[in-house]
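Student: I would like to take a close look at a single part of this structure, and I would welcome one connected account of it.

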Amino acid sequence: MSTPNGTRLLILGANVALSQTLCEALRGGSPLSVERQGAFEGDFEYSIDPGSVDVAVFVPAIEEGLSAPDLTDAQSVFETCLRAGVRHVVIVSSSAVYAPSSKNPGFISEARPLVRDGSNSVSAAWLKLEALAQKTFMAEARVKLTILRAAPVLLPGGRDFFSRLFSHKLTVTLAGHDPSLQLLSPGDLAAAIAQAADRSPGGVFNIAPDGVVPLKAALQMARAPQMPLMPGLPSLARAALKPLGNGESVDRFDYIRFSFTVSNLKAKQELGFTPLRNSSSALCEFLERPEAEAAITAKGSFDAFGMDKEYIARTGKRFFDFLFRHYWRIEVEGLEYVPKTGRGILLGLHRGLIAWDGIMVFHLLVQRLSRYPRFLVHPAGFRFPFLFDVTTKLGGIPACQENADFVLENDELLGIFPEGIRGVFSLYKEAYQLRKFGRSDFVKMALRHRAPIIPFVIVGSAEAYPILGKLDWSWWKRTTEWPFFPITPTLFPLIPLPLPSKWRIRFLPALLPHLDYPPEAARNATVVRAISDRVRNAMGEAVREMTSQRRSMFFG
């Protein structure tokens, strides 16, 4: 903590547990002169002598049962700071401001627009806190406002959702959802505050640890028995918590259903804040269980997006291998075109309601090449229980530019189905006709990241889930985010299993556009379209050849 001697910092707010913990950490670890003031009991009026404080830090109280900030207390603190002429105000907000949903890409940056539709009451409450602060202070040119969006901070006796979640004897969770969590050590939050007091130019910063911990792993570390409930029954979940003294806003359960992880890159670069503890260490500190931390260190860190290689090995050996070898009897051509090391873009043909084709390609590359590709997945793939778990553990990541960049920058294989979700819902009679590739973002990625494009096509997967018709059903589209309701014999209760069609997978020779064009060509629409058409034509020709050679959908 590099804050210069003599800086007078005052911690304000009625969050007793957190403000006291932060005050002690700042006094012991920085040259700050630190005091605190808060509405701890009954009626309380904040009071600051003009000129007596350099930096005011507001730590909002958490309203019981909502895990959202007390806006009345906030208004009182802000008005007091204005009257006293405080020049720098730091607001401890929350990463809960990023509303969790199936569309959340994970590791969100401060630049990404926030959801402001009020669909999540907790997120909306934190947004209101930030809006109140900006309305109060931004009009005052002499006041510098810094907002720290902190990942959940666990405190003994804390009233927030996550402190209670890992403290109760029985924990209600949502079946089929195991999101990755970021848990912040109080000491790291104190360090971030000190750095903000010293170096912040004003603005918004995410304050989060390096590393995540899956929800289920965290609860196992806490030795907390779980009572999993099906999503869609939030009222039942709330009723189940009331006898435990843990009544909660229904919307709060979205935070243990979907991801709301945030990027800490801006805080590292502009504030010089580097967290000392990762999420697992912060949880072990809260639980006072150093042996659990040692066990985690021995095992290794968790995957940032939730990929689970132990699950992959276990499921591959017991289930996927049976499907690959015996059920669909898959034949493979051209595997030598997939690079054994380094980055690359796998560009495929995807048919069928469940992404068995993507799973079989994933299983193939794991088994034959020890490579773990990450496929970009439409938000609907994370919306449903159990499908969320399987998709995440097999390395599926929400489809967005930031996640694609993450994969390629780490020299991994990125899987893309360029026809999008409408290609999945192709009628069976059109199953092997390639649709347009949309904006051809995969070409731009390949050019920017100097990555080869490896096309692949599959014949046979469309017959596993043949779509005979489609219904344009508004309620279904809102609920599932699918463009149609598919009419297929393989949906329960007719034939509740995919059909045992015969599959062939063919990888095509890699295209290397980066050898002919510089990265700047990604901005040239003519070049991008030409490369995209070349790839699409090669895939289409391969499909036509493979289907013409096939005698039977079940025997090849």
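With which residue does arginine 529 form a salt bridge, and how far apart are the closest N and O atoms?

Tutor: In this predicted model, arginine 529 forms a salt bridge with aspartate 533, and the closest N and O atoms are 3.6 Å apart. Both residues belong to helix H19, where they are four residues apart, about one turn of the helix. Arginine 529 counts as partly exposed because its relative accessibility is 35%, and aspartate 533, with a relative accessible area of 32%, is likewise partly exposed.

Helix H19, which spans residues 525–549, also meets helix H16, their axes coming within 9 Å and crossing at roughly 110 degrees, so that H16 is roughly perpendicular to H19. On the H19 side the contact is made by Val528, Ile531, Ser532 and Val535, and on the H16 side by Phe442, Val443, Lys444 and Leu447; these residues divide into six nonpolar, one polar and one charged.

Further along H19, arginine 544 and glutamate 541 are three residues apart, about one turn of the helix, and they form a salt bridge whose closest N and O atoms are 3.2 Å apart. Here arginine 544 counts as exposed at 52% relative accessibility, whereas glutamate 541, at 45%, is partly exposed. Elsewhere, salt bridges that share partners join Glu333, Arg504, Arg506 and Glu545 into one network. For the structure as a whole, a search finds 23 salt bridges.

Conventions. Residues are numbered from 1 along each chain as its sequence is written. This is a predicted model: local features need pLDDT of at least 70, side-chain atom pairs count only at pLDDT 80 or more; totals for chains, interfaces and linings use all residues. Side-chain values use heavy atoms; hydrogens and water are left out. Axes are lines fitted to C-alpha atoms, for helices over the stretch in contact, and angles run from 0 to 180 degrees between N-to-C directions. Helices (H or I, at least four residues) and strands (E, at least two) are DSSP runs, numbered from the N terminus. Angles under 35 degrees count as roughly parallel, over 145 as roughly antiparallel, 65 to 115 as roughly perpendicular and the rest as oblique. Contact means heavy atoms within 4.5 Å. Ala, Val, Leu, Ile, Met, Phe, Trp, Tyr, Cys and Pro count as nonpolar, Asp, Glu, Lys and Arg as charged, and the others, Gly among them, as polar. A salt bridge is a side-chain nitrogen of Lys or Arg within 4 Å of a carboxyl oxygen of Asp or Glu. Buried means under 20% relative accessible area, exposed over 50%, partly exposed in between (1.4 Å probe, protein chains only).
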